[in-house]
Amino acid sequence: MLKEEIEKIYNEALEKINDIKEEQALKDLKATILGKKGELTEILKGLKDATPEERPKIGALVNEVRDSLEAKFSEVQNAINQKILEEKLSKDTIDVTLPSNKPIRGSKHPLNRVIEEIEDLFVSMGYDVVSGPELETDEFCFKRLNLPEGHPARDMQDSFYITEENLLRTQTSAVQARVMMANEEKTPIRVIVPGKTYRREDDATHSHQFNQVEGLVVDENISFADLKGTLEVFMKKMLGQNTELRFRPSYFPFTEPSYEVDVSCFKCGGKGCNLCKQTGWIELLGSGMVHPNVLKMNGYDPEKYSGFAFGVGLDRLAMFKYDITDIRLLYRNDVRFLKQFDRKDEEYEIKY
Ligand code: FA5
């Protein structure tokens, strides 16, 4: 009796399954047969009324039918899924002409642009790019640059001392002595040293952390003409071919003679404007011939060797070149500010 009922459920189920085309109908059918209150489950519940001999046979038959139906249900479910996918794929077309979402691109920081441009230029003239420690000793930052303790010129630079002997370097000139001392064979020195420097200053044109690039050349027969020619090439490349240089006598303890170098104002071409405060000139760097004491202190015979050195504030150069009015903008990393420099290098070429 039960056996026939089970077979009936099975056959009817198979018939219905084959007509089903939709997921929900399939689920409903599955519930009416295999669910908690489903037809097959009910049969199992009624098993207690069967005779002891019948019971295991019916139980086995129910299990067999359930397994078979479950396999069939998942087969139909897979077919439905496949159909849904195929329909979706045939309907969904991709419009390749739609504009894409542009990812936000980083742009090169103006200071890095300036540094790279300077490095390229000097490397092309045979210079090496070297670096030195930012946490420097008093010895290299001052003493070996002809600035003994108590020298009044130390007051020119307000320093961050970390201990009595160690400070954050106030100038890339600190690397001069390191390069000379390391060069035991006394081969010609031609180096530039771009890097971070620190002073206790803070306003629109002075930052507590800023960047300089040092230049140092030491060899036999180096003259002021070499310094002048080098700086001319340097400044014309950075600020435009019409740039003129003016050397003003100045004082640095590590050079003699010393000069501050002004460039003709690239905004007004030297006629006078607000940028150059109507003078036609802009002060840009310190330079001079390496002081004989510095040569001597760092292992060079000043009778045989001579050299020149210069130090440029890179922030200042970047500000002029890219028309930036506040040095602090260079350190805030505001993407809206930085995005403005997402252009090709040629577009910045200063012409007048
Ligand atoms: C020097 O630091 C010398 N070491 C330069 C030098 C090198 C002279 C080799 C001779 C031979 P000065 O203190 O003037 O010089 O600084 C050089 C440049 O660094 C300045 O012209 C300026 O552009 C920049 N600078 C100085 N202090 C700051 C600051 N707080 N913030 C931004 N730029 C600064």
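**A close look around His 291**

Modeller: Happy to! Leaving aside residues up to four places away in sequence, His 291 touches Asn 146, Pro 253, Phe 254, Thr 255 and Glu 256, where contact means heavy atoms within 4.5 Å. Please keep in mind that this is a predicted model, in which local features need pLDDT of at least 70, side-chain atom pairs count only at pLDDT 80 or more, and totals for chains, interfaces and linings use all residues. Residues are numbered from 1 along each chain as its sequence is written, and side-chain values use heavy atoms, with hydrogens and water left out.

His 291 sits in the loop between strand 9 and helix 9 (292-297); helices (H or I, at least four residues) and strands (E, at least two) are DSSP runs, numbered from the N terminus. With a relative accessible area of 16%, His 291 is buried; buried means under 20%, exposed over 50%, and partly exposed in between (1.4 Å probe, protein chains only).

One of its contacts, Glu 256, is joined to Pro 257 by a cis peptide bond, with omega about -5°. Pro 257 belongs to strand 8 (residues 255-264). Most peptide bonds are trans, and most residues other than glycine have a negative phi.

That brings us to Gln 278, in the loop between strand 8 and strand 9 (281-290). Gln 278 is not a glycine, yet its phi is positive, about 65°. Its relative accessible area is 56%, so Gln 278 is exposed.
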